[in-house]
Amino acid sequence: MNENLFTSFIAPTMMGLPIVTLIIMLPSLLFPAPKRLINNRTISIQQWLIQLTSKQMMAIHNQKGQTWSLMLMSLIMFIGSTNILGLLPHSFTPTTQLSMNLGMAIPLWSATVFTGFRHKTKASLAHFLPQGTPAPLIPMLVIIETISLFIQPVALAVRLTANITAGHLLIHLIGGATLALLNISTMTAFITFIILILLTILEFAVALIQAYVFTLLVSLYLHDNT
C-alpha cells in the first residue's frame, strides 16, 4: 500500500537502459503471418475480425483513401493489443504515455492534412472560412479554425492517454482497497473484489474501444482530406 500510485506508469529500464522499444514490438508477436494452407481457429478469427473492421472503416472512403487501409488496420491492431497486454499484472502500458500517443497522432494527422492540401487545396482552405461569413469576423474565424485544426492531434493523444490511465488508476485503487479490507471485513473485501473483476472486464472493453476510436478519428480526418 506504500507503493507510489504512479509507479506502474514509469517506463521500465534494464541495467539503466529503457526497454520500451522491446515492449512496443511485443504485440506484433500476437499476429503471426499464416504459413499454412488451412489456418487454425485463432488465425481464422483474427483474419475475420480484421476483414470485418476494415470493411466497416473503409466503406466511407474513395479509392485514394482506401490505400490507407493497411496503415489503419495496423494502427488499430497495435493500439488494441498494447492496451490489452497492459492489463496484465506487473506490466507496462506504452499508451499511458502522452509522448508516445502524440508520436502516433501527429504524423498521422499531418499526413492527412498534407494529403488534403495536395489533392483538394481549395476545399482544404475553404474549411478555414465558412461561406457567408461577415467581413469583420473573417480574421477571428480564421484564427479559431486554425487553432481547432492544430488541436486535433492533441485531442487524439490526450483522449487515449486519459482513458487508459484512468482505468489503470481505478484498478490499482480498488485492488489496494480490497487488500486493506481483507483484514477488516471479509464480506466487504469480497464485494470489493467482485467490483474489481467487473471493472477489469470493463477495462478490456475500453482497451478495444479506445483503439477503435483513435483509428476511426484518423480515418475521418483522412476522409475529409481525400
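A residue counts as buried when its relative accessible area is under 20%.

**Figure 1. Overview of the predicted model****.** Of the protein's 226 residues, 34% are buried by this cut-off. The accessible surface is about 14,300 Å². Carbon and sulfur atoms supply 72% of that surface. The fold contains 7 helices and 2 strands. Read from the N terminus, the order is β-β-α-α-α-α-α-α-α. Among contacts with a separation of 6 or more, 71% join residues 24 or more positions apart.

**Figure 2. Close-up of the aromatic pair Trp109 and Phe150****.** The structure holds 1 aromatic pair. The ring centres of Trp109 and Phe150 lie 5.6 Å apart, with the planes at 55 degrees. Planes under 30 degrees apart would count as stacked and over 60 as edge-to-face, so this pair is tilted. Trp109 has a relative accessible area of 9%, so Trp109 is buried.

**Figure 3. Close-up of helix H3 against helix H4****.** The axes of H3 (residues 69-85) and H4 come within 13 Å. They cross at roughly 170 degrees. Angles over 145 degrees count as roughly antiparallel, and H3 and H4 are therefore roughly antiparallel to each other.

**Figure 4. Residues at the contact of H3 with H4****.** H3 contributes Met71, Leu75, Phe78 and Ile79. H4 contributes Met100, Met104 and Leu108. The contact residues comprise 7 nonpolar, no polar and no charged.

Technical notes: Residues are numbered from 1 along each chain as its sequence is written. This is a predicted model: local features need pLDDT of at least 70, side-chain atom pairs count only at pLDDT 80 or more; totals for chains, interfaces and linings use all residues. Side-chain values use heavy atoms; hydrogens and water are left out. Helices (H or I, at least four residues) and strands (E, at least two) are DSSP runs, numbered from the N terminus. Buried means under 20% relative accessible area, exposed over 50%, partly exposed in between (1.4 Å probe, protein chains only). Contact means heavy atoms within 4.5 Å. Accessible areas come from the Shrake-Rupley method with a 1.4 Å probe; for residues, only the protein chains shown count as cover. Rings of Phe, Tyr and Trp (its six-membered ring) pair if their centres lie within 6.5 Å; planes under 30 degrees apart count as stacked, over 60 as edge-to-face and the rest as tilted. Axes are lines fitted to C-alpha atoms, for helices over the stretch in contact, and angles run from 0 to 180 degrees between N-to-C directions. Angles under 35 degrees count as roughly parallel, over 145 as roughly antiparallel, 65 to 115 as roughly perpendicular and the rest as oblique. Ala, Val, Leu, Ile, Met, Phe, Trp, Tyr, Cys and Pro count as nonpolar, Asp, Glu, Lys and Arg as charged, and the others, Gly among them, as polar.
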